[in-house]
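Here is a short briefing on one protein chain for your modelling notebook. Have a look at the structure first, and then read on.

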Amino acid sequence: IDTCNGYYCENFTPNENSKPKLWTENWSGWYTDFGSAISHRPTEDLAYSVARFIQNRGSFVNYYMYHGGTNFGRTSSGLFIATSYDYDAPLDEYGLPNEPKWGHLKELHKAIKQCEPALLSVDPTVTNLGSKNLEAHVYYTNSSVCAAFLANYNTKSAATVTFWNGQYDLPPWSVSILPDCKTDVFNTARVGGHSFHRRMTPTSVSFDWQSYNEEPAYSSEDDSIIANALWEQINVTRDSSDYLCVNISPNEGFIKNGQSPTLTINSAGHVLHVFVNGQLSGTVYGGLDNPKLTFSASVNLKVGNNKISLLSVAVGLPVSILFL
């Protein structure tokens with residue numbers, strides 16, 4: 001059975017008429033990547049997307065995410081993705097209600113549940129309400145089994161429509177639900193006074209804290225690895241560490257002419273700290289859209305052996321991006 005994933009799926013059509021119309025991922029927000037703003041999807045828009053999907057013969061909606069979460073250590077979900085997976089979900093990563101989103105969706109689900117007898121009995125009839133942006137989707141079998149969805153697709157202008165001898169006010173970008181084709185019990189754009197106040201309280205339970213120092217990978221004269229190239233970080237560390245140091249000891253004749261050489265390093269990412277003889281020479285980092293980076297700067301080298309240390313940091317594992 002093919003399904004739909006995305007912010008809006010009202011126009012999705014299964015590849016066979018005999019299959020149900022399923023929405024397996026309604027994105028309540030988005031993941032958080034380093035360097036970008038925290039994603040927020042308006043409550044009204046999320047409710048609107050669900051109502052439009054149901055009015056267009058939708059059978060099933062699953063939220064991604066409904067409950068936020070937290071990754072730990074090096075288990076973030078991809079390159080440059082933060083360990084917080086709150087996702088602006090109705091329940092945040094701590095399991096607390098994210099208001100008004102949680103309460104508004106609760107009222108939406110209640111209204112849709114009231115329409116169940118009509119939704120399961122017949123396909124809808126679509127009627128224009130005087131404008132291409134105004135529609136009524138009516139599920140009707142008889143006077144006792146009827147449900148209507150009145151939609152205003154205009155993003156800026158409200159409208160007052162006449163439906164079955166009644167008048168209804170529709171805010172911009174909204175759907176009103178009438179479980180009996182008469183009573184407007186819910187509108188996606190009218191968010192009620194749902195509130196939730198977090199409060200931190202002391203606890204008598206004691207916590208055991210542990211700390212440790214993670215030693216960066218390094219090479220010494222006793223166990224050095226010699227290669228005519230820089231080694232790839234994750235293959236060397238096998239995810240046992242976020243750090244890999246590559247030490248180079250050049251003895252260059254150009255030092256004698258008094259000119260500072262330019263050190264250029266190309267890396268697949270994601271963060272690079274460059275040290276020359278124990279002193280920080282610079283830091284460069286990539287981003288979610290372009291994790292690759294280039295360091296290029298003049299460095300001070302002394303006569304004799306010099307130690308260039310490249311401390312690179314992997315922010316998330318690249319293989320996991322395949323699953324996003």
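Predicted model: local features only at pLDDT ≥ 70, side-chain atom pairs only at ≥ 80, totals over all residues.

Residues are numbered from 1 along each chain as its sequence is written, and side-chain values use heavy atoms, with hydrogens and water left out.

**The chain as a whole**

- The protein chain holds four helices and 18 strands; helices (H or I, at least four residues) and strands (E, at least two) are DSSP runs, numbered from the N terminus.
- Of the 324 residues in the protein chain, 40% are buried. Buried means under 20% relative accessible area, exposed means over 50%, and partly exposed is in between, with a 1.4 Å probe and protein chains only.
- Taking contacts in the protein chain between residues at least 6 apart in sequence, 56% join residues at least 24 apart. Contact here means heavy atoms within 4.5 Å.

**The pair α1 and α2**

- Helix α1 covers residues 43–55 and helix α2 covers residues 101–114; their axes come within 9 Å and cross at roughly 20°. That makes α1 roughly parallel to α2. Axes are lines fitted to C-alpha atoms, for helices over the stretch in contact, and angles run from 0 to 180 degrees between N-to-C directions. Angles under 35 degrees count as roughly parallel, over 145 as roughly antiparallel, 65 to 115 as roughly perpendicular and the rest as oblique.
- The crossing of α1 and α2 is right-handed; a crossing has this hand if the near helix is turned clockwise from the far one by less than a right angle, and is left-handed if anticlockwise.
- On the α1 side, the contact is made by Thr43, Leu46, Ala47, Val50, Ala51 and Ile54, and on the α2 side by Lys101, His104, Leu105, Leu108 and Ile112.
- By class, the contact of α1 with α2 has eight nonpolar, two polar and one charged residues. Ala, Val, Leu, Ile, Met, Phe, Trp, Tyr, Cys and Pro count as nonpolar, Asp, Glu, Lys and Arg as charged, and the others, Gly among them, as polar.

**More on α2**

- The end C-alpha atoms of α2 are 20 Å apart, which agrees with the 20 Å that its 14 residues should span at 1.5 Å a residue. The expected span of a helix is 1.5 Å times one less than its number of residues.
- Buried residues of α2 are Lys101, Gly103, His104, Leu105, Leu108, Ala111 and Ile112.
- The cover over these buried residues of α2 includes α1, β3 (60–64), α3 (116–119), β11 (174–178) and β12 (186–187).

- Thr43 sits in helix α1 and is buried, with a relative accessible area of 7%. Leaving aside neighbours within four places in sequence, Thr43 is in contact with Pro100, Lys101, His104 and Val191.
- Arg52 is also in helix α1 and counts as buried, at 11% relative accessibility. Not counting residues up to four places away in sequence, Arg52 touches Glu10, Tyr153 and Val175.
- Arg52 and Cys9 are 43 residues apart along the chain, and their C-alpha atoms are separated by 8.4 Å.

**A loop residue, Asp123**

- Asp123 is in the loop between α3 and β6 (125–131) and counts as partly exposed, at 49% relative accessibility.
- Asp123 touches Arg57, Val138 and Tyr139, not counting residues up to four places away in sequence. From Asp123 to His137, 14 residues apart in sequence, the C-alpha to C-alpha distance is 9.4 Å.

**Backbone geometry to look at**

- The peptide bond from Tyr64 to Met65 is cis, with omega near 0°; Met65 is in the loop between β3 and β4 (69–70).
- The peptide bond from Glu99 to Pro100 is cis too, with omega near 10°. Pro100 lies in the loop between β5 (84–85) and α2.
- Cys181 is not a glycine, yet has a positive phi of about 65°. Cys181 is in the loop between β11 and β12 and is buried, with a relative accessible area of 2%.
- Asn277, not a glycine either, has a positive phi of about 55°. Asn277 is found in the loop between β15 (271–276) and β16 (279–285) and counts as partly exposed, at 28% relative accessibility.
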